[in-house]
2 protein chains.
Amino acid sequence: MSGAVPDYQMTAWLMAVCWRGMDSREQTDWTHLMWKSGKSIPRQSTGDYWIDKHSTGGVGDKTSLILVPLLRTITDECLGKGRVKFPMISGRGLGHTGGTLDKLESVPGFSCRLSLQQSSKLLEQHGFFMVGQTDEIAPADRRIYALRDATSTVDSIPLIISSILSKKLAESLNGIVFDVKVGSGAFMKNQSDATELAKGLVAASKHQGLEAVALVTDMNTPIGTSIGNSVEVWECWEFLKGQRDSELEQLVIALGSHMLSLASNGKYDLKSCEALLLEALSTLKCQRTFVEMFENQNGDWHEFEKIMAKGSAEHEEIIFRAPQSGLFLSCDALKIGKWVHQRGGGRNTASDAIDPWVGAILLKKCGEKVEKDEPIARVRLRKGDWSEQVELQLAEAFQWSAQPSSKKPLIHEVIV
Amino acid sequence: MSGAVPDYQMTAWLMAVCWRGMDSREQTDWTHLMWKSGKSIPRQSTGDYWIDKHSTGGVGDKTSLILVPLLRTITDECLGKGRVKFPMISGRGLGHTGGTLDKLESVPGFSCRLSLQQSSKLLEQHGFFMVGQTDEIAPADRRIYALRDATSTVDSIPLIISSILSKKLAESLNGIVFDVKVGSGAFMKNQSDATELAKGLVAASKHQGLEAVALVTDMNTPIGTSIGNSVEVWECWEFLKGQRDSELEQLVIALGSHMLSLASNGKYDLKSCEALLLEALSTLKCQRTFVEMFENQNGDWHEFEKIMAKGSAEHEEIIFRAPQSGLFLSCDALKIGKWVHQRGGGRNTASDAIDPWVGAILLKKCGEKVEKDEPIARVRLRKGDWSEQVELQLAEAFQWSAQPSSKKPLIHEVIV
């Protein structure tokens, strides 16, 4: 940050890490330096427990939006009001993957551009916040990421670990749960890379004094039934009102129970945590906290509800129907993610604008048998954008087979 | 060279090559690009054969100064006047290794800063030239070398190969003989690296259409009896007048016979070449050509002879004697090279000036049994530079043992 290391030395070093890796000591020291290039959320030790969850990014991954109100509700009740806090600094989507901030911002007025001080105040008042990275947080990571992006050194697992952790450490956490995605729609395409990343994240977190758990979870098909920004927020809302995709529920319960278990400091085992979470899912308190999540940061939930009910004036909804009969459906996370991205729901570079109203809602579950002309998806896109080519691209996101494909388990592995 | 690739991408790529290597096609294409970033000596195809010799650098390595006049003499006689030409673009010394240009420049007035056009004219007139690299030759190599130097990517064998060849290809050669040094005083410290470099140089040369041979030769002890600039020129002169160090002779004959054999296009086998060379070594013609080598490029040989005879006014000569009795001597190439370098005979950066009069002349051969107080070296250094510490450092360059150490063979390997 002082300029003493020129970019051309930094990139040579990055490439060396790419091919040579880092040992545990190097990973720890480097992560620490990256973190300390910036500021952290100020914290007095008052016996409370700060926890976050981090996903490596996927398609339709909306779990954070459910987990925060859900855990806030339970922990207040079971562990004492305000004892557990959720300082969530999230990222934006890039390419075919979505980002929590983009989803939150589909609610008109919602602001996630808060300083650390403003975030701190929110955390004190409400026990959580949902904000974006600021220039104060790990500035070295931003500079280095730009160099990695320009030198094909993004894929290095030790560099990914230090990049993720440098930002998470700024949250002054006690514990963290990682959701390492693996599959077509994930950054990690194969199990062994995902396991390596998961183990590395847990080990590096522990070296920095955090409690940590990582789940390696499947990302070959989208999570839940919606892909896009506003549609995912809406799915979360309906989820909390009782209309739940079973896989999304499974993932929420899995991640949430590990978070709750860590925060309870041994008071609850995983089984009890699961039971507590399932019970809390149907409470009105949860729904209220979900709405507060937006309103605390200036989001106009009622305006959002109105738009979702009557539809945006500039967009239209198309029913996409099965082109053939008696076949089993599967939906590819990468392809449907790219399709929504290309319709305007994603961005190519960090400075691109996003269209929050674009998205796809799956009407059939992956693995279901479908008859010809049955509706399989409702898609929202800008008026005039629908064409034969766009339809063909959408059709390619769905695969058909005579046999139900053997579905991979949702949770592949848990690293503690 | 157009600026389209920023330095930070170039260095990342260099580091990737460092750890990943290059395959044969990559090596060929990259070398070609480096070469074509600059100009070459213009050449009409008139049936002549252009050949050079390249050493990877050592201590006391003066073979080029002998090989050029020697081969010029023989080829004119045996293969036809002017049929073989020796366009020699040489380098300067860096650190403990010497450079041919620095040695040549110890002759007052000698100029090696010639343009390609001036060099071309010399080659036409005299059949050889001894010049330095100009900005016209492989400018990409110079820019990339500066980046390699700043990013610890100098040691990469594929990058060394392309760097060497890009400059040699500018000589528009038909054939080349490489002397790849291995040992304490060489860039390559171990045999396997040296063999890899030698094989790579030969393969890459052949891919560019050149005939090529590489010798892997020992560089644990200095070559010949003198180390330094003027003293090495003088050793060559005495060598041609009949006072020959046997190892230097062996190396000259080995390198020279491969050069002559290539240039003869099958007319002479290696055995005949060796015989021809040994015979030519004692001719007056050879001595005359040696002096011409300097005079062609404005060097004042008589002035040089005068200084060597009466000594330089600013320097003194010290006799260094054996500190103990009845032990076998060995001299470490790296340590004696560094000692001369530190006395002013070498440079740390390319822009440093060199003191041509500083040097060491070994009076005993490595492996010889020496009695206490016998003179083992005459050293020349700046007046006032001699001190107890300088003497101690010099003493460290010599090792003593009760048994004669088993000397490594001079020629380790020949790659054709």
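## Domain and chain contacts in a predicted model

Domain 1 and domain 2 of chain A bury about 1800 Å² between them, 59% of it on carbon and sulfur atoms; buried area is the accessible area (1.4 Å probe) that two parts lose on being put together, summed over both. This is a predicted model, in which local features need pLDDT of at least 70 and side-chain atom pairs count only at pLDDT 80 or more, while totals for chains, interfaces and linings use all residues. Residues are numbered from 1 along each chain as its sequence is written, chains are lettered from A in the order in which they are written, and side-chain values use heavy atoms, without hydrogens and water.

An automatic or database assignment places domain 1 of chain A at 7–301 and domain 2 at 315–401. Their C-alpha centres lie 27 Å apart. Between these domains there are 3 salt bridges, each a side-chain nitrogen of Lys or Arg within 4 Å of a carboxyl oxygen of Asp or Glu. Arg347(A) and Asp102(A) meet in a salt bridge through their side chains (2.8 Å, N to O).

Chain B and chain A bury about 1100 Å² between them, 76% of it on carbon and sulfur atoms. Tyr8(B), Ala12(B) and Trp19(B) supply 43% of the area that chain B buries against chain A, more than any other three residues. Across this interface of chain B and chain A, the rule finds 0 salt bridges.
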